[in-house]
Amino acid sequence: MADEKEDHEIQYCFPAINSSCIKGKHSSHEYNIMFVFVSLLSAWTVFLNLLVIISISHFKKLHTPTNLIILSLAVADMLIGLVMPIEATRLIEM
């Protein structure tokens, strides 16, 4: 009976193959910490890149070819910061 209980607690990476890797189980407290960390990291990324975008766009003195490259990188990073929590949630829940 103890063996049956252990079988129900074990989760495999690929359920069809019993010899696949065994998934580690995390408590709900650990999941909450990971979600909060990813959310704060995403918000911080979006905020700082938005600050760079606004600074370069607002001040005419900063309209140089080098700063336009930095502006395009900030836009790309900001978009990644918006997508990051969605992908991180998917990876954490797997």
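Axes here are lines fitted to C-alpha atoms, for helices over the stretch in contact, and angles run from 0 to 180 degrees between N-to-C directions. The model is a predicted one, in which local features need pLDDT of at least 70 and side-chain atom pairs count only at pLDDT 80 or more, while totals for chains, interfaces and linings use all residues. Residues are numbered from 1 along each chain as its sequence is written, and side-chain values use heavy atoms, with hydrogens and water left out.

Q: Why is H2 called roughly antiparallel to H3?
A: Helix H2 (residues 28–58) and helix H3 (residues 65–93) pack at an angle of about 165°, and their axes are 9 Å apart. Angles under 35 degrees count as roughly parallel, over 145 as roughly antiparallel, 65 to 115 as roughly perpendicular and the rest as oblique. The angle therefore makes H2 roughly antiparallel to H3.

Q: What residue classes are in the contact of H2 with H3?
A: The contact of H2 with H3 has 20 nonpolar, seven polar and two charged residues. Ala, Val, Leu, Ile, Met, Phe, Trp, Tyr, Cys and Pro count as nonpolar, Asp, Glu, Lys and Arg as charged, and the others, Gly among them, as polar.

Q: Why is asparagine 49 called buried?
A: Buried means under 20% relative accessible area, exposed over 50%, and partly exposed in between (1.4 Å probe, protein chains only). Asparagine 49 has a relative accessible area of 12%, so the residue is buried. Asparagine 49 is found in helix H2.

Q: Why does valine 75 count as partly exposed?
A: Valine 75 lies in helix H3. Its relative accessibility is 33%, so valine 75 counts as partly exposed.

Q: Which residues make up the largest nonpolar core?
A: A nonpolar core is a set of buried Ala, Val, Leu, Ile, Met, Phe, Trp, Tyr and Cys residues joined through side-chain atoms within 4.5 Å. The largest one has six residues: Val46, Ile53, Ile56, Leu71, Ala74 and Met78. H2 and H3 are the elements that give two or more residues to this core.

Conventions: Helix = DSSP H or I, 4+ residues; strand = E, 2+ residues; numbered from the N terminus.
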